[in-house]
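Open the model in your viewer and switch to a cartoon view. The tour goes from the sheet to its strands, then to a pocket.

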Amino acid sequence: FKGEFRAMQKLLGTECPRFIVDVGANNGFYASNSYPYVVRGWRSVLIEPHPAIFQKLKQLHTRRPAVTCLNIACADTAGQRPLYFGKNNPGGSLATMCLDDNFKATRSEEFTMVPVEVLSSVLAAQQFPNQFGILSVDAEGMDYEVLLGLDLAVWKPRLIVTEDYKPKLAKKSEYLRTHGYRHAAQCTDNAIWVSS
């Protein structure tokens, strides 16, 4: 993911607000977009709904005062939803709230109920500035719903990284373009969008 970090750094510029939000942060290290910024002292909100993975995330960053780890999911509405574990691997990193057929091969019937918040409420509670550096989203088929939960008329991350998911790609792209973002780079399945 070094190429992705380089692309992000180039697009951020030099005067970027040092704040990052990572939705679907996993364990905070493996394939992480946020880790390079966390270790550079950025104010970080790391969100991971999977209970076992969250414990690893929290343990990794327990001594970092600028980091807040939240054991919640984000979507377009608040409440509670089932988080489905991966087949034959309930403690593994794959978990999804997405009910699309595309996930049938990897999603088990086993789930846990998780609290869900809209991202606008999370950022307000964390007293994040309206203009901030990076929003990274990897929500296993739910990136579009995560974005819908962020009022982009109020909150303006300079750079948004999302995982492309073909069934919702057109809607997600249109949503971001409508709110003043342009597709600036592509790193395998991750699209990097920049506020224009």
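In what order do the seven strands of the open sheet lie? The order is 3-2-1-8-9-11-10, with mixed pairing. Keep in mind that this is a predicted model.

Select the edges next. Strand 3 (67–70) and strand 10 (181–187) each have a single partner strand, so one side of each is left without a neighbour in the sheet. On average, neighbouring strands of this sheet are turned by 15° against each other, direction ignored.

Now select strand 1 (residues 19–23) and strand 8 (residues 131–137). They run parallel and are joined by four bridges. Find Val23: its bridge partner in strand 8 is Val137.

Move on to strand 11 (residues 190–195). Five of its six residues are buried. Strand 9 (residues 156–163) runs antiparallel to strand 11, with five bridges between them. Look for Glu163, opposite Asn190. Strand 10 also pairs with strand 11 in the antiparallel sense, over six bridges. Here Gln186 stands opposite Ala191. The hairpin of strand 10 and strand 11 has two residues between the strands. Select Thr188 in this hairpin: its phi is positive, near 50°.

Last, show the largest pocket. Its volume is about 620 Å³. Which residues lie nearest its centre? They are Gly24, Asn26, Asp138, Ala139 and Glu140, out of 32 lining residues. Strand 1, strand 4 (73–74), strand 6 (95–96) and strand 8 each give two or more residues to the lining. Colour the lining by class: 17 residues are nonpolar, nine polar and six charged.

Key
Residues are numbered from 1 along each chain as its sequence is written. This is a predicted model: local features need pLDDT of at least 70, side-chain atom pairs count only at pLDDT 80 or more; totals for chains, interfaces and linings use all residues. Side-chain values use heavy atoms; hydrogens and water are left out. Two strands pair if DSSP finds at least two bridges between them. Axes are lines fitted to C-alpha atoms, for helices over the stretch in contact, and angles run from 0 to 180 degrees between N-to-C directions. On a 1 Å grid over the protein atoms alone, a cavity is a set of points where a 1.4 Å probe fits but cannot get out, and a pocket is an open set with protein on both sides within 12 Å along at least five of seven lines; lining residues have an atom within 4 Å of a point. Grid points are joined across faces, edges and corners, and a volume is the space filled by probe spheres set on the points. Ala, Val, Leu, Ile, Met, Phe, Trp, Tyr, Cys and Pro count as nonpolar, Asp, Glu, Lys and Arg as charged, and the others, Gly among them, as polar. Buried means under 20% relative accessible area, exposed over 50%, partly exposed in between (1.4 Å probe, protein chains only).
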